Amino acid sequence: MPIDDASSMLTGVKIVDLTSVVFGPYATQVLADYGAEVIKVEPESGDVARYTSQSAKSKGMSPSHMTLNRGKKSVTLNLKNEDDADVMRKLLKGADIFIHNIRDKAITRLGFGYEDVKALNPQIIYVHCVGFGSDGPYADQQAYDDVIQVATGAASLASRVDGDPRPRYMPTLIADKVAGLNAVYATMAAVIHKLRTGRGQFVEVPMFEAFAHFILKDHLAGKTFDPPVGSLVYARQVDPDRQPFPTKDGHIAVVPYTDTDWVKLFEALGAADFLQVAPLDSTYGRRRNMPLMYREVAERTPSKTTQEWVQIFGEAQIACMPARDIDNIMDDPHLAATGFFERREHPTEGTIYEMSDASRFSDWERPKQGSAPMLGEHTEAIKRSVEDD
């Protein structure tokens, strides 16, 4: 891990990536963005995420693959084949980090369990992305985003808002992505530990626990205490009246976060007298009766257009934003000004859009990232490089 300059970030860090789908690839894509060399090891059929969309231009180059695997090198290996397994062993000998999401019994049968890899490279950071923690009764079960959403209770939250008792998935791969970010910071913590001590280690990142931790940051609520002082679920987040408010031509999000904001909001609505009648005539009363205020706001906002309210609430310094359809997100002026979407040419797929990393650094200029690789694009070069070492 030869990092000798403060501006290098992860330059010089070599990662062997045996992950697939979203959880692991999202983690290694972030690390690649920060300068790590990521060698993506795939079976001959490729990561299944290469084939998850009908809108790909070329077989094996789905939008998911394009967004999750930029800046990586792709090598195809059959780890049941001894020659390919030997290539893998040579890669691991020279790696700083090995990250995979194969179940423990299967990876051990292949000869790449932690003890096997540690014997090859005692200082390696070995990151295992799993569905469930290895010390619990779910340890050997398969895990996908849908499974984790229902297991954590996240799929029950929508029913608390609209009264429909059916559990429903959040319409995004939220558990996979949250777990992927957990894997990023767990890996970076192990890197810092290694820089301080010179020692590698085994790191387990379980999706179930990571997402439960994420969901319960607000929703543990009254059961934070023993004995409980209330129920699970943060009431504000499931209040059916706390939704985007209708306007003359759309909807708007308005967030009167403090009691002072509520007073300013009703003044901006031209309804200051609404808060002069009990029970809303005191801070305590307003806190206990927020649904009444939400409903009143919803009655009044249809009188003006979204942009009219944006100007009025902005002048009153009340947080607000027009409700946008996701179809229009690429037209957002702020994202345009910050260069969030970058239009570039892919060597095989033509013109594409990529999303830049959101973080900003004063002592590091982000290098231009490589493109998402074709399946096995770097196989021969990688094999030659390990033979030369």
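What percentage of the 389 residues in the protein chain is buried? Buried residues, meaning those under 20% relative accessible area with a 1.4 Å probe and protein chains only, make up 39% of the chain. This is a predicted model, in which local features need pLDDT of at least 70 and side-chain atom pairs count only at pLDDT 80 or more, while totals for chains, interfaces and linings use all residues. Residues are numbered from 1 along each chain as its sequence is written, and side-chain values use heavy atoms, without hydrogens or water.

**Overall architecture**

The protein chain holds 15 helices and 11 strands, taken as DSSP runs numbered from the N terminus (helices: H or I, at least four residues; strands: E, at least two). Its C-alpha atoms fill a box of roughly 80 × 50 × 45 Å along the principal axes. Of the contacts (heavy atoms within 4.5 Å) between residues at least 6 apart in sequence, 67% join residues at least 24 apart.

**Nonpolar cores**

A nonpolar core is a set of buried Ala, Val, Leu, Ile, Met, Phe, Trp, Tyr and Cys residues joined through side-chain atoms within 4.5 Å. The largest one has 35 residues, and Ile15 and Phe211 have the most contacts inside it. Elements that each supply at least two residues of this core include helix H1 (23-33), strand E4 (97-100) and helix H9 (207-219). Helix H8 gives the most, with 8 residues. Beyond its neighbours within four places in sequence, Phe211 is in contact with Ile148, Gln149, Thr152, Ala154, Ile174, Ala175 and Val178. A second, separate core of 22 residues includes Val87, Leu92, Tyr114 and Tyr126.

**The largest pocket**

A pocket is an open set of points on a 1 Å grid over the protein atoms alone, where a 1.4 Å probe fits, with protein on both sides within 12 Å along at least five of seven lines; lining residues have an atom within 4 Å of a point. The largest pocket holds about 1,200 Å³ of space, the volume being that filled by probe spheres set on the points. Of its 43 lining residues, the closest to the centre are Ser20, Asn101, Ile102, Arg103 and Cys129.

| Class in the lining of the largest pocket | Number |
|---|---|
| Nonpolar (Ala, Val, Leu, Ile, Met, Phe, Trp, Tyr, Cys, Pro) | 21 residues |
| Polar (the others, Gly among them) | 10 residues |

**A buried aspartate**

Asp96 lies in the loop between helix H3 (82-93) and E4. Asp96 counts as buried because its relative accessibility is 7%. The side chain of Asp96 reaches the backbone nitrogen of Lys14 at 2.8 Å.

Methods:
Buried < 20%, exposed > 50% of the residue type's maximum accessible area, 1.4 Å probe, protein only. Polar contact = N/O pair within 3.5 Å; in protein donor to acceptor, adjacent residues only side chain to side chain.
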